Amino acid sequence: MIDEAGQLEGFLPISYRTAKEEQYVRFLWEAFNDNCESGKYQFAFLAYHMLTMCFVYFNIWQIKLIKPADFATALIGFGKDMEKALLESTSPFTFHVVNESNVMRFLKLIQCDNGKIGNYTKLVKDRNETAHSNGNIFFSTEAELSAKIQEILRIVTEIQSHSEAIIVDGY
């Protein structure tokens, strides 16, 4: 495993509401580690991206729980069925129904401006490039993946710093 990658673990929940949630996150870590060990860095990146999105979903979930009125207001652009589903959701993984680029817009609730959100959605665009049969291997070396992981960790740290006040408020 690439050494710095494990830092993402510190941004994920310490405990999960259900065994299924925990199993899913463990599965992604195993996929990441297995692909790193076998030199399949592009697939390791895909697993790491999914872990990063878990962080984003859990972060938005905290906002939903701590500031439900603000969260409900943020649903203004969604259709009534999607709005209802998100308001009544019982799992952070419900956010998978929202386009990943659009889900980043919820981070406006923690004072992330459009410029920052644009940087965050670049992660989704990078994943999209790697997840299609386009004939390209974007991460063929450990060094290439390591550089991407450093970028991801910088973004995760930034998002976490924006959400710190709301999380403290929740406690």
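Student: Which helix gives the most residues to the lining of the second largest pocket?

Tutor: The answer is H2, with 6 residues. Helices here are DSSP runs of H or I, at least four residues long, numbered from the N terminus. Before we go on, this is a predicted model, where local features need pLDDT of at least 70 and side-chain atom pairs count only at pLDDT 80 or more, while totals for chains, interfaces and linings use all residues. Residues are numbered from 1 along each chain as its sequence is written, and side-chain values use heavy atoms, with hydrogens and water left out.

Student: How do I read a pocket, and what volume does the second largest pocket have?

Tutor: Rolling a probe the size of a water molecule over the atoms shows where empty space is left. A pocket is an open set of points on a 1 Å grid over the protein atoms alone, where a 1.4 Å probe fits, with protein on both sides within 12 Å along at least five of seven lines; lining residues have an atom within 4 Å of a point. The volume is the space filled by probe spheres set on the points, which are joined across faces, edges and corners. For the second largest pocket, that comes to about 180 Å³. Among the residues lining this pocket are Tyr24, His49, Met53, Phe93, Glu100 and Arg127. Sorted by class, its lining has 7 nonpolar, 2 polar and 2 charged residues. (Ala, Val, Leu, Ile, Met, Phe, Trp, Tyr, Cys and Pro count as nonpolar, Asp, Glu, Lys and Arg as charged, and the others, Gly among them, as polar.)

Student: And what is the volume of the largest pocket?

Tutor: The largest pocket has a volume of about 500 Å³. Of its 21 lining residues, Pro13, Ile14, Phe58, Gln62 and Tyr171 are the closest to the centre. The lining of the largest pocket divides into 13 nonpolar, 6 polar and 2 charged residues.

Student: Which residues touch the most other members of the largest nonpolar core?

Tutor: A nonpolar core is a set of buried Ala, Val, Leu, Ile, Met, Phe, Trp, Tyr and Cys residues joined through side-chain atoms within 4.5 Å. In this model the largest one holds 52 residues, and Phe32, Tyr48, Val103 and Leu145 touch the most other members. Helices H1 (19–37), H2, H6 (114–130) and H7 each give two or more residues to this core. H2 gives the most, with 16 residues.

Student: Is leucine 51 buried or exposed?

Tutor: Buried means under 20% relative accessible area, exposed over 50%, and partly exposed in between (1.4 Å probe, protein chains only). Leucine 51 sits in helix H2 and is buried, at a relative accessible area of 0%. Another buried residue is isoleucine 117, with 2% relative accessibility, and its place is in helix H6. From isoleucine 117 to phenylalanine 106 is 11 residues in sequence and 9.3 Å in space, C-alpha to C-alpha. Leucine 51 and arginine 154 lie 103 residues apart in sequence and 15 Å apart in space, again from C-alpha to C-alpha.

Student: What value does phi take at glutamine 111?

Tutor: Most residues other than glycine have a negative phi. At glutamine 111, phi is near 65°, a positive value in a residue that is not glycine. You can find glutamine 111 in the loop between helix H5 (100–103) and H6.

Student: Is glutamine 111 buried or exposed?

Tutor: Glutamine 111 is exposed, with a relative accessible area of 62%. Look for histidine 162 too: its C-alpha is separated from that of glutamine 111 by 6.8 Å, although the two are 51 residues apart along the chain.
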